[in-house]
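Please work through each task before turning to its solution.

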Amino acid sequence: MIKKLWSNKPLIGLIVFAIIVSIINPRFLSVGNLLNVLRQTSVNAVIATGMTMIILTGGIDLSVGSILAFTGAFCAYMIAIGVNPETALLLTLIVGVIFGTANGAFISYCKLQPFIVTLVTMTLLRGATLVFTDGKPIPIKAGGDFFDNLGGGYFLQIPIPIYIMIILFITAYYVLNHTRFGRYVYAIGGNEEATRLSGINTSKYKTIVYAVGGMLSALAGVIVTSRLGSAQPTAGTGYELDAIAAVVLGGTSL
Amino acid sequence: MHKDARKLLALLNVTECEKILVSDLTIGKRQMVEIAKAISQNANLIVMDEPTDALTDNETASLFKVIRGLISEGKSIIYISHRLKEIPEICNDVTIMRDGKFITEAEVKDIDEDFIIKNMVGRTLSEQFPRVKVQLGEEVLRVENLSGEHVKNISFNIRKGEILGIAGLMGAGRTELAKTIYGYYKKTAGNVYIEGKKRKFNSPEDGLGVGIAYVSEDRKGDGLVLGLSVKENMTLSSLPSFSSWFGLNKKKEKKATKDFVDKFRIKTPTYDQIIKKLSGGNQQKVAIAKALLTNPKLLILDEPTRGIDVGAKKEIYDVINELKRKGMGIIIISSEMPEVMGLSDRILVIHENSITGNFPIEEATQEKIMRCAIGVNQ
């Protein structure tokens, strides 16, 4: 156990860093502050969950930040034109799935480099978001309790996004370690040709992985929009690198 | 630097330019480059682990010439090989190991091949290829005028309990034929019948679906996922039978793994051992188990004993004969003539992507097969 902990160098770094910061300012270790840190991390964590699966298959997704911005704006627009927030949330997730599927389909079926495909999606959607929002934030006026709580609410004094993050982590752990799909993800990352020759439709599973990544980026977009009470056209800039860093620090190798 | 490289390669009879990328060379030539690398370090002791595994006879001959040159300069070589024919040709002393233990050593001039085999397997191989006679059953597979990117106008059939050997030179299209039937390569013309029913399929997924399993010749390349465990590799093709809506049934999976580990005597410390750490023979047994777990009607074994030791070979032959007794249709592709002749009931010979010979085993001779393999008309 100790040995396993010791081999996780980033975690040790984090602990050392936390100790130093809490010596400089004891308020760092207060419950309020830690919850705040966790809430801020949760958006990255949601994206990183999808990114983990993508990186496990040997790919990469640079478009997560742009998908977040576009879907956030899309969701805010839907609510602004009077769609009820629950439906808007569902439609937004579907839009995320569509973008992810497009990424995955180009990568698996057209055999293009994941880096290039998602770079294109990233640039394309960033531009589309700016055009769509006209460069201005879209405020949420009629979010209702359900929508406002997604990003900004509390349950038992703990922010809702933290619950979302924890539920996602548990689900992802289960999917990766206890389902056929998870096994295929690892197998594709280990040796895609051998996996295909073993009778597995690797293109299909890779596409699904990117679709899930797109959906989780959209979920992150909804959380950010709900929390800020408006959709920012420049939201999620640089999030792809945060997510990739989180995945690598978490022990998945590129 | 280029000059030195040029000289070394010339020594090994490699005529390619030294600036060419290694990935553009054939496997045999890559092996020669590796050997040149070892020689270039000017070491006094060189360990060669199966250096001739991927070499042609010509390349082997030039390698031996180099080895003799090195020895005359006073260098020593440890030569690890499972090709017993090479040992009297190139070695002075021989050390035999089995299961990680030292067994015996001797001077090569005092011993013969039987002595080596006996000590490697721990018992005398009375008959290396015990032929099993079974009553042939119904037709499992019939291929009619099959053509694809890599094969031309192939027709043959195979029945239950029959072993069909496919012989031919390296690069003749044997593996491509197998992969085309399996669905890995596209079929452009012709029909495939499974148990008399015409089936159309163009992916490995569907190949498995109609009851064909393929064991690759290249375990490291596309046969196994080396970073996954013994268990994960073994059940990779048959995962649907171990999963429900609630995920994988790990108990059932473990039991299936245990059954095959016991039955095939796969030497692994645990089922979760990373497969990269197993020996070639044990890896091959896992690969065959993976195929068998899909309950195939037809099993295609591509070079099933390449790069594995004599003891494990014998065990794999036993497995093949056992499957034959149970009435499975089996295709064996092999570059080792004794293996094809010893196991098969019928032999197809492939030359330049087409069939040039089709003999019942009673009529097959090494000479006939070789003539077809090099495309000389009878």
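## Exercise 1: a strand and its neighbours

Strand β7 (residues 163-168) of chain B is joined by four bridges to strand β14 (residues 329-333) of chain B, and the two run parallel. The model is a predicted one, in which local features need pLDDT of at least 70 and side-chain atom pairs count only at pLDDT 80 or more, whereas totals for chains, interfaces and linings use all residues. Residues are numbered from 1 along each chain as its sequence is written, and chains are lettered from A, and ligands numbered from 1, in the order in which they are written.

**Solution.** Begin with the pairing, for which DSSP must find at least two bridges between two strands; strands are DSSP runs of E of at least two residues, helices runs of H or I of at least four, both numbered from the N terminus. In β14(B), Ile333(B) stands opposite Ile166(B).

Next consider burial, where a residue is buried if 20 or more other C-beta atoms, placed from the backbone, lie within 10 Å of its own, exposed if 12 or fewer, and partly exposed in between. Ile163(B), Gly165(B) and Ala167(B) point one way, while Leu164(B), Ile166(B) and Gly168(B) point the other way, and all are buried.

## Exercise 2: the nonpolar core

**Task.** Find which residues of the largest nonpolar core touch the most other members.

**Solution.** A nonpolar core is a set of buried Ala, Val, Leu, Ile, Met, Phe, Trp, Tyr and Cys residues joined through C-beta atoms within 7 Å. Of its 133 residues, Val46(A), Ile47(A), Ile300(B) and Ile331(B) touch the most other members. Helix α11 (residues 202-228) of chain A gives the most to this core, with twelve residues. Leaving aside residues up to four places away in sequence, Ile331(B) touches Ile158(B), Leu164(B), Ile166(B), Ala178(B), Ile300(B) and Leu301(B).

## Exercise 3: the contact between chains

**Task.** State how many residues each chain brings to the contact.

**Solution.** With contact defined by C-beta atoms, placed from the backbone, within 7 Å, chain B brings 25 residues and chain A 18 residues. On the side of chain B that touches chain A, α7(B) gives the most, with four residues.

How values were computed:
Two residues are in contact if their C-beta atoms, placed from the backbone, lie within 7 Å.
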